[in-house]
Amino acid sequence: MGMKISSFGRLADGREAKLVTIANANGMSIEVTNYGATLVSAVMPDKNGHYADVILGYADVTDYAKNGGYLGAVIGRNGNRIGGAAFKINGITYELVKNENGNNLHSGPDGYDTKIWDMKTDESSQSVEFSYHSPDMEQGFPGNFDVTVKYTLTDDNEIKISYTGKSDKDTIANMTNHSYFNLEGHDSGSILDHVLWIDADAITAVDAESIPTGEIRPVEGTPFDFRQPKTIGRDIEMEDDQLKKGGGYDHNFALNTDGTMKKIAEVTAPVSGRKMEVFTDCAGVQLYTGNFIEDSWTGKDGKAYGKRTGLCLETQFYPDAVNHENFASPVLKAGDIYETTTIYKFLVP
């Protein structure tokens with residue numbers, strides 16, 4: 001057990017990033033940085049006691065700043081996509097940066113993933129809390145939004161991520177973590193043999209630009225049915241209009257949940273035996289199978305990542321929810337508290 005703080009390099013403007021390492025009583029450890037409140041690594045044993053880092057990431061802050069992919073980052077103020085890069089609140093239209101096919105993805109190029117957050121550690125609770133003040137109209141969103149993201153590593157091998165925020169104007173609050181997991185090890189190649197279960201009877205169908213159409217489409221009889229565990233690769237190349245639009249799985253699953261904390265997904269790696277369970281109080285989860293990971297992303301240990309070498313399970317409100325009356329609203333009322341938690345729990349047989 002223990003915690004240490006070290007330098008994680010400097011940005012081009014001279015600002016220094018910090019790296020916090022937290023270890024639990026079982027020998028599992030994680031690293032997080034105040035750049036983007038990013039989860040950098042999670043090191044744990046396999047069924048034979050061999051340790052590996054199961055999260056894709058970079059060696060230092062300069063690589064995070066220059067490379068793409070949002071690896072391990074906290075996304076805010078809004079995760080995922082907003083169609084047309086615009087929305088209305090209280091009859092006022094707000095315009096966002098168009099950074100993907102005329103739409104807004106992950107709040108644009110100046111998102112929370114690019115910020116140096118304030119940091120506070122608590123070794124007694126094995127946690128680190130990052131805080132950020134987002135001024136009114138930053139990224140195009142209304143309201144001064146004060147947000148904290150707290151990472152806790154428990155002795156049950158849980159990475160607990162808790163989000164809390166408050167705004168002085170009605171705004172969107174829909175944050176997520178964009179970690180890419182490979183339970184065989186971040187440098188071990190494809191995740192197509194990972195076995196996945198998701199507790200969802202439907203997805204939010206998307207158009208050619210990956211914007212939800214508003215249809216809640218049942219997974220029954222489609223490649224998106226993970227209600228019984230199956231390998232990610234089993235159906236990923238099937239002839240299916242939704243798979244073609246996403247280049248594979250890049251879709252929001254409408255979770256079978258009532259808004260309380262519950263287990264919503266499970267991933268198992270066949271060789272190492274590592275398992276990850278996901279718990280959340282969110283309405284949806286985006287399964288992304290790294291369809292567009294670029295070979296130029298050279299990660300930790302000099303590993304060149306490639307297509308489908310990591311998978312994301314991003315808990316969230318449904319994408320473009322602010323523009324669909326039939327989706328749960330991501331609008332946070334002025335003075336109300338935004339609060340949500342997601343847990344990634346790791347097990348070894």
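At 0% relative accessibility, Tyr-151 counts as buried, a term that stands for under 20% relative accessible area, with exposed meaning over 50% and partly exposed in between (1.4 Å probe, protein chains only). The model is a predicted one, in which local features need pLDDT of at least 70 and side-chain atom pairs count only at pLDDT 80 or more, while totals for chains, interfaces and linings use all residues. Residues are numbered from 1 along each chain as its sequence is written, and side-chain values use heavy atoms, with hydrogens and water left out.

Phe-130 is likewise buried, at 0% relative accessibility. Rings of Phe, Tyr and Trp (its six-membered ring) pair if their centres lie within 6.5 Å, and planes under 30 degrees apart count as stacked, over 60 as edge-to-face and the rest as tilted.

| Pair | Centre distance | Plane angle | Class |
|---|---|---|---|
| Phe-130 and Tyr-151 | 6.1 Å | 80° | edge-to-face |
| Phe-224 and Phe-253 | 6.2 Å | 50° | tilted |

Because Phe-130 lies in strand β12 (residues 127-134) and Tyr-151 in strand β13, their pair ties together parts that are 21 residues apart in sequence; strands (E, at least two residues) are DSSP runs, numbered from the N terminus.

Over the ring of Phe-226 sits the charged end of Lys-230, 4.5 Å from the ring centre, where sitting over a ring requires NZ of Lys or CZ of Arg within 6 Å of the ring centre and within 35 degrees of the ring normal.

Notes
Helix = DSSP H or I, 4+ residues; strand = E, 2+ residues; numbered from the N terminus.
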